[in-house]
Amino acid sequence: MMDEPWWEGRVASDVHCTLREKELKLPTFRAHSPLLKSRRFFVDILTLLSSHCQLCPAARHLAVYLLDHFMDRYNVSTSKQLYTVAVSCLLLASKFEDREDHVPKLEQINSTRILSSQNFTLTKKELLSTELLLLEAFSWNLCLPTPAHFLDYYLLASVSQKDHHCHTWPTTCPRKTKECLKEYAHYFLEVTLQDHVFYKFQPSVVAAACVGASRICLQLSPYWTRDLQRISSYSLEHLSTCIEILLVPLFR
């Protein structure tokens, strides 16, 4: 079926391999933007807008990726320009990753408190010209893997019938455990948007680390199963540094 998520289809492993090949070609994030201190504010704006428009995680994460790497390469000098770039990144990402009826409309964007509080009103011409600028900057290639593109595939193997709590008793209901773990994993996925430090890792590593951190929070034993190692090709040792960074906010 066309509406079937790729990670549940018969070619899921092939799609995963293709994404892993593509992530090896992603450009290095240099953190050179003079506006890097404003990054968190604009990531929050994109998160709020994507939530308001009910965009999928892949669209939100692609939008932040586009914003970060555009800021890293080009000098955006004014707040109005950065707002326009941020919104254009979200529009492009939603057109590429989400359903057509979820793509934000200009009226929706301008009516949000986020822009109205800054006395900004974006025009269709401004957004279209900025979208074109972004497409040219990324060589018209928006097939850019983010952790959100890998997470659901790894979640398929996130819970096992052999799992134990605290190294002692079996999980009573794997289905409920999996639902809880999914919530944790998506929480950690959103945490990765807040700090550009996660660009040090490949997106697939970050996604796998989100699952690993979730299993640790739920005290599932072992923390990383053979099925997870098989599906992701990562050992727990490979993910340990990223997992530690994810867990730091919970233990402050």
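**Briefing on selected residues of a predicted model**

At 8% relative accessibility, Glu-131 counts as buried, because the value falls under the 20% cut-off for that class. The structure described here is a predicted model.

**Surroundings of Glu-131**
- Glu-131 is part of helix 7, which covers residues 124-137.
- When neighbours within four places in sequence are left aside, the contacts of Glu-131 are Ser-88, Leu-91, Leu-92 and Lys-95.

**Aromatic rings**
- The model contains 10 aromatic pairs, counted by ring centres that lie within 6.5 Å.
- One of the pairs is formed by Phe-42 and Tyr-83, whose ring centres are 5.0 Å apart; their planes stand at 70°, so this pair is edge-to-face. The reasoning rests on the cut-off for that class, which is an angle over 60 degrees.
- Phe-42 belongs to helix 2 (residues 39-52) and Tyr-83 to helix 4 (residues 79-97), so the pair ties together parts that are 41 residues apart in sequence.
- Phe-42 and Tyr-83 are both buried.
- Tyr-153 and Tyr-154 have ring centres 6.0 Å apart and planes at 45°, so their pair is classed as tilted.
- Tyr-153 and Tyr-154 are each buried.
- One aromatic cluster is made up of Phe-29, Tyr-65 and Tyr-199.

**A charge over a ring**
- Arg-73 places its charged end over the ring of Phe-138, at 4.8 Å from the ring centre.

**A cis peptide bond**
- Ser-221 and Pro-222 are joined by a cis peptide bond, with omega at about 0°.
- Pro-222 is located in the loop that runs between strand 3 (220-221) and helix 11 (226-232).

**Positive phi values outside glycine**
- Ser-139 has a phi near 55°, which is positive although the residue is not glycine.
- The loop between helix 7 and helix 8 (147-155) holds Ser-139.
- Ser-139 has a relative accessible area of 59% and is therefore exposed, since the cut-off for exposed residues is over 50%.
- Ser-233 likewise is a residue other than glycine with a positive phi, in this case near 70°.
- Ser-233 lies in the loop between helix 11 and helix 12 (236-247).
- Ser-233 counts as exposed because its relative accessibility is 54%.

Technical notes: Residues are numbered from 1 along each chain as its sequence is written. This is a predicted model: local features need pLDDT of at least 70, side-chain atom pairs count only at pLDDT 80 or more; totals for chains, interfaces and linings use all residues. Side-chain values use heavy atoms; hydrogens and water are left out. Helices (H or I, at least four residues) and strands (E, at least two) are DSSP runs, numbered from the N terminus. Buried means under 20% relative accessible area, exposed over 50%, partly exposed in between (1.4 Å probe, protein chains only). Contact means heavy atoms within 4.5 Å. Rings of Phe, Tyr and Trp (its six-membered ring) pair if their centres lie within 6.5 Å; planes under 30 degrees apart count as stacked, over 60 as edge-to-face and the rest as tilted. A charge sits over a ring if NZ of Lys or CZ of Arg is within 6 Å of the ring centre and within 35 degrees of the ring normal.
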